[in-house]
Protein chains: 2
Amino acid sequence: MSDFSFVRGLRCVTCDAEFSLDDLTYTCPACGPVRGTLDVEYDIGQLRAAFIDELLKERDDRTLWRYHELLPVRDAEAVLPLPIEVSPLVWLACDPGFTAPKRLLVKDDTRHPSGSSKDRATSVAVAHARELGKTAIAAASTGNAAASLAMFAARAGLGCYIFVPESAPAAKLTQIRAHGAHLFAVRGTYDDAFSLCAEVCAQEGFYNRNTATNPYLGEGKKTIALEIWEQLGFRVPETVIVPVGDGCILGGVFKGFRDLHEIGLIPRLPRVIGVQAEGSAALASAWRAGQDACMAVSAETIADSLAVAMPRDQVKALRAVRESGGQFVTVSDAAICEAMHVLATRAGLFVEPAAAASLAGLKEAAAGGHVGLDDEVVLLLTGHGLKDIAAADRAAHNNQPIHVGLDLDEVTAALHP
Amino acid sequence: MSDFSFVRGLRCVTCDAEFSLDDLTYTCPACGPVRGTLDVEYDIGQLRAAFIDELLKERDDRTLWRYHELLPVRDAEAVLPLPIEVSPLVWLACDPGFTAPKRLLVKDDTRHPSGSSKDRATSVAVAHARELGKTAIAAASTGNAAASLAMFAARAGLGCYIFVPESAPAAKLTQIRAHGAHLFAVRGTYDDAFSLCAEVCAQEGFYNRNTATNPYLGEGKKTIALEIWEQLGFRVPETVIVPVGDGCILGGVFKGFRDLHEIGLIPRLPRVIGVQAEGSAALASAWRAGQDACMAVSAETIADSLAVAMPRDQVKALRAVRESGGQFVTVSDAAICEAMHVLATRAGLFVEPAAAASLAGLKEAAAGGHVGLDDEVVLLLTGHGLKDIAAADRAAHNNQPIHVGLDLDEVTAALHP
């Protein structure tokens, strides 16, 4: 058990107070509700001695647990063989429709079992819940996180309790219901559902898989960075572009690179660029105003996975951009639809709007001089296109069927107008 | 090029007439339209000498091209690095709700890029089209095959032409339209769309990716069998259970095992059991009646991927069951929904109805004595649950949200009734 994880402790992102892993706490009592989750810290000295490239070259495990020394679960027995394998990192060998860096890759997280990056955080959460002896797990979410949790809870034999605002559209709940999760439709807002979920977890002893609360979720997401590093032959690109809602993925990706840097496995940090939808840009606005806290916005965007009024992991997201020399950019819904179209028609990549925001964000970042044409750039694709057929339909609206009779001439005329 | 593939020729499934690969023909002129595609034959002597377990152990390629000697594409340059990786083969470690064999595995083809097994056939078709110098590829389909083709054509930079009956529901066409395929809505039936597609291919020189026609598609599907064999440590299970519409996947899976058997790599053939929906059971009916040709049925089932009036690869499908000592079983829509529910809630596997038919079919086969409780059995899961949200909703209808106010007591009462 001692060599399985080199996790050491937790630290408040605001005041730097330290917490031990055993008196598991989700918030810092000194700071009250901080604007993000606690930092998870590792024994860097142990990692420097034991976590080396050569180790990975000999490791057959293709799940994210191949990086177990850098994950917060200490009991190897708690880890189930859930199929979260290394996701593809592939060259985007197509014309994106604007002047873009030549060395452009996509990290395709749409290929995970439930169809999104959330499976990484869920995998760590399920193992942690099992380590703590929990038999049930809960979250407040209408989307990919809840679908992911419902799937993996079913696989792990854990009870699953999901809290959503009553206004959540029925179609978004099908994947959650299909996996047999207990679904509570709360008469109130998302924030109300979130608070109620926390109360229920405290009362019932459920494991709380909520982004605003649980410090271990970002540790699952940081495996995106570890995989990129390994897939590039143990080096890092100049820039990684990440769609941002709550900021948890952005903070997680940065954390992965920062861990590698602290251990001494990479000589520099890649820039991380966060992409927000124009209609849901609380973090980008705070960044531009030079503030270290967000103002709530009225979130409105086709990219439902990015629609967040008040980002819940804002400290880590802002820190990721600041410490990496990165940037925030914003993109319109029209630009997101155009990026979906380019990815689907030129690269054969079918993604949900939030994922396409990466490519739209690259266009903004390149135009703004935040990305050089000689840079090697990785775009993170977070969710599969089948997650949101209505949005896919909207993005494809210019490609309508051609109606023909049983007549070769009609087809010929359409083919050669 | 000579060692890349050991394909030798084509043979009529009805009269055994031989055809060379170079005068590429899709049907046997002597037999007229045969009830299935031509057989693809390999040089078994060459394979016996050169295709051995040890070869695969050293091969890094995780796509289906790791079996390139056993695939019909002769020009290695025609193969693109499309991401059709080996799909997971995992233990189904849950109570399926009936007395089932203990050693029960699922082959999870829902994890392919477009979300279904069809990506295997498409991968071979795209490479073959490139080998022939084609710049466009066509198919008549409303479903998974067309979505797969549209995705991979976009990735390969080939033009893509899809023909569907005008009555096809709009939602099924979104994935096809999103990838920029040229979509023709034909005023007529599916058979009309199919015929028109063939005429257009002949006139325009498009590559024809149609199951009834193209003998290479089943070769892509046979990699399911090759992967199972390799994933089990170079041995085969007693039984493989396959959902059946046209019969192409069933015939393909059997072909993979038959190739291995002919080469001498396995000592016996697994039984293949074909599962049809009760409302679309042309092959099962022919089998029960001891006939070697199907009568058309009026196909009606929740499993749209299995709704086939006249199976187009019927000779190969019937032969697969006959020569392997297998069986056909039929399952009701209710049994399919129950199987979806079991897979989603107990195994965390979210599949479309056609895929769940495998588990429903196992129940039938076990009850009928066609599967022994000591047998090792593999269930093929063909398509992802996100492919058909309406069906998922129907299967989950008993799991409705519990409406609560902002009140812990209301939740507590619901949790502990």
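Let's start where the two chains meet: strand β8 (residues 182-186) of chain A runs parallel to β14(B), and three bridges join the two strands. One of the pairs to look for is A:A185, whose bridge partner in β14(B) is B:H403. Keep in mind as you look around that this is a predicted model.

In total, 55 residues of chain B are in contact with 55 residues of chain A. If you look at the side of chain B that touches chain A, the elements giving two or more residues to it include the helices α4 (144-156), α5 (170-178), α6 (190-204) and α12 (333-346), and also the strands β8 (182-186) and β14 (402-404). Sorted by class, the residues on this side of chain B come out as 30 nonpolar, 15 polar and 10 charged.

Now pick out α5 of chain B. Its buried residues are B:L173, B:T174, B:Q175, B:I176, B:R177 and B:A178. What covers them? Both chains take part: the cover includes α12 (333-346) and α14 (389-395) of chain A, along with α4, β7 (159-165) and β8 of chain B. After α5(B) comes B:G180, which has a positive phi, near 80°.

Back in chain A, find the open sheet. Six strands make it up, in the order β4-β5-β13-β10-β11-β12, and the pairing is mixed. Each of β4 (89-91) and β12 (327-331) has a single partner strand, so these two stand at the edges, with one side left without a neighbour in the sheet. From one strand to the next, the twist averages 25°. As for what holds such an arrangement together, strands of a sheet pair through backbone hydrogen bonds, either parallel or antiparallel. Within this sheet, β10 (residues 239-243) and β11 (residues 271-277) of chain A are a parallel pair, with five bridges. Here A:I241 has A:I273 of β11(A) as its bridge partner.

Finally, turn to two helices of chain A, α3 (residues 118-131) and α4 (residues 144-156). They pack with their axes 9 Å apart, at an angle of about 45°. That angle is why α3(A) and α4(A) count as oblique to each other. The crossing of α3(A) past α4(A) is right-handed. On the α3(A) side, the residues making the contact include A:T122, A:V126 and A:R130, while α4(A) brings, among others, A:L149, A:F152 and A:A156. Taken by class, this contact has six nonpolar, four polar and three charged residues.

Terms used: Residues are numbered from 1 along each chain as its sequence is written. Chains are lettered from A and ligands numbered from 1 in the order in which they are written. This is a predicted model: local features need pLDDT of at least 70, side-chain atom pairs count only at pLDDT 80 or more; totals for chains, interfaces and linings use all residues. Two strands pair if DSSP finds at least two bridges between them. Helices (H or I, at least four residues) and strands (E, at least two) are DSSP runs, numbered from the N terminus. Axes are lines fitted to C-alpha atoms, for helices over the stretch in contact, and angles run from 0 to 180 degrees between N-to-C directions. Two residues are in contact if their C-beta atoms, placed from the backbone, lie within 7 Å. Ala, Val, Leu, Ile, Met, Phe, Trp, Tyr, Cys and Pro count as nonpolar, Asp, Glu, Lys and Arg as charged, and the others, Gly among them, as polar. A residue is buried if 20 or more other C-beta atoms lie within 10 Å of its own, exposed if 12 or fewer, and partly exposed in between; C-beta atoms are placed from the backbone. Angles under 35 degrees count as roughly parallel, over 145 as roughly antiparallel, 65 to 115 as roughly perpendicular and the rest as oblique. A crossing is left-handed if the near helix is turned anticlockwise from the far one by less than a right angle, and right-handed if clockwise.
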